[in-house]
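We will go from stop to stop, and each stop tells you what to select.

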Amino acid sequence: MKLTMQTASAEYDIILERGCINRISSFINLNRKVFILTDDNIPDRWVDTVQAQCPNSTVYRVASGEESKSMQTYEKVLTACLEFHMSRKDLLIALGGGVIGDLAGFVAASYMRGIDFMSIPTTTLSQIDSSIGGKTAINLGKVKNIVGAFYHPKLVLIDFDTLSTLPERQKINGLAEAIKAGLIRNPALFELFEREDYEDHLEEIIYQSLCMKRDVVQQDEKESNLRKLLNFGHTIGHGIEAYYNLEKYLHGECVAMGMFYFITSKELKQRLKKICTRMGLPITDDYDIQKVYEITTMDKKAADGIVSTVWVDEPGKAYIKDLPQTELLTLLKQGPF
């Protein structure tokens, strides 16, 4: 399968195919210096497969997890690119999950004012969501994704085989973003998660999620309006994630908890709760409401005492609503149910 992203600033293919990681040169020029950025959780199997196809390459591994989306790691990767004598004609490959994609994209956007990069996402989270759309970023302190750029890859290769080495918790974590996609724009996708055999439809889930995001990004590349819908669950979700120092919960798990606050239908909340419970996604936790609120108000979705929020009345019907920050605090105090 192939999708094509077409925006005002970029056009690139998204290849969804088992085994495509074995023939990267069929899709992009590898006869140049190639800097492969990955993390220490990515199996050597995938790293070696990619490097074997790049005659003049180097591999740089960072620690797995959100702590690598830092100024310190960003600087180290830039320095490694410089020491490898990367030029504007060369290529950076992001091999890994969402953290690697975000970090690699921002490095590519800023090194020499922009070099080519491509993404080979190896997690459900990155295959479903973060590998396309052009958002690249690192964290600053406890504030997620506050330093970054809109910068698109030249190519995205989604090889479903790479999910075979993904731990179960990480797989479920990424599927939370697909649930989000169904709730905001694709009722049939959401309903798929209510089936006992949803795991048998993983490739379709990934494809449908990407189609939804591609369509939204093509209409609103820089998030001036419509693309804000993709932030459903993230407003409070990011606050919860940061409150636990990016350690206790994974990103998708926090998005799952964050969605409940912005669903208006009690019936739909119960449907979502049933899905999350069956999949092992968290529903809520005993976090400090005031501290989560304070973190949330530092998020890029907040400005001038107003927080941009996304609400869902029923699957496929989402809308954007600006809330005074005081109302967000009230919402937190009321709880998700």
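## Stop one: an exposed asparagine

Asn 31 is exposed, with a relative accessible area of 68%; here buried means under 20% relative accessible area, exposed over 50%, and partly exposed in between, using a 1.4 Å probe and protein chains only. Before you go on, note that this is a predicted model, in which local features need pLDDT of at least 70, side-chain atom pairs count only at pLDDT 80 or more, and totals for chains, interfaces and linings use all residues. Residues are numbered from 1 along each chain as its sequence is written, and side-chain values use heavy atoms, with hydrogens and water left out.

You will find Asn 31 in the loop between β2 (11–16) and β3 (33–39). Helices (H or I, at least four residues) and strands (E, at least two) are DSSP runs, numbered from the N terminus.

## Stop two: aromatic rings

Next, show the aromatic side chains. How many aromatic pairs does a search of the whole structure find? The search finds eight. Rings of Phe, Tyr and Trp (its six-membered ring) pair if their centres lie within 6.5 Å; planes under 30 degrees apart count as stacked, over 60 as edge-to-face and the rest as tilted.

Select Phe 117 and Tyr 151. Their ring centres are 6.2 Å apart and their planes are at 15°, so this pair is stacked. The pair links distant parts of the chain, 34 residues apart: Phe 117 is in strand β6 (residues 116–121), and Tyr 151 is in the loop between β8 (143–150) and β9 (155–158). Phe 117 is buried, at 4% relative accessible area, whereas Tyr 151 is partly exposed, at 22%.

Move on to Phe 193 and Tyr 198. With ring centres 5.7 Å apart and planes at 40°, the pair is tilted. Phe 193 counts as buried at 0% relative accessibility, and Tyr 198 is buried too, at 6%.

Then select Tyr 243, Tyr 244 and Tyr 249, which ring pairs link into a cluster.

## Stop three: lysines over rings

Which lysine lies over the face of Trp 311? Select Lys 321, whose distance from the ring centre is 5.4 Å. A charge sits over a ring if NZ of Lys or CZ of Arg is within 6 Å of the ring centre and within 35 degrees of the ring normal. Lys 273 lies over the face of Phe 337, at 5.2 Å from that ring centre.

## Stop four: helix pairs

Helix α9 (residues 251–260) and helix α10 (residues 266–279) pack at about 160°, with their axes 10 Å apart. Axes are lines fitted to C-alpha atoms, for helices over the stretch in contact, and angles run from 0 to 180 degrees between N-to-C directions. This makes α9 roughly antiparallel to α10; angles under 35 degrees count as roughly parallel, over 145 as roughly antiparallel, 65 to 115 as roughly perpendicular and the rest as oblique. To see where they meet, show Ala 256, Met 259 and Phe 260 in α9 with Lys 269, Leu 272, Lys 273 and Cys 276 in α10.

Now select helix α5 (residues 168–185) and helix α7 (residues 202–219), which pack at about 55° with axes 10 Å apart. They are therefore oblique to each other. Contact, meaning heavy atoms within 4.5 Å, involves residues including Leu 175 and Ala 178 of α5 and Ile 205 and Ser 209 of α7.

Is Glu 203 buried or partly exposed? At 31% relative accessibility, Glu 203 counts as partly exposed. Not counting residues up to four places away in sequence, Glu 203 touches Arg 18 and Phe 160. Leu 16 is 187 residues from Glu 203 in sequence and 8.7 Å away in space, C-alpha to C-alpha.

Asp 220 is buried, with a relative accessible area of 6%. Leaving aside neighbours within four places in sequence, Asp 220 is in contact with Asn 225, Leu 226 and Arg 227.
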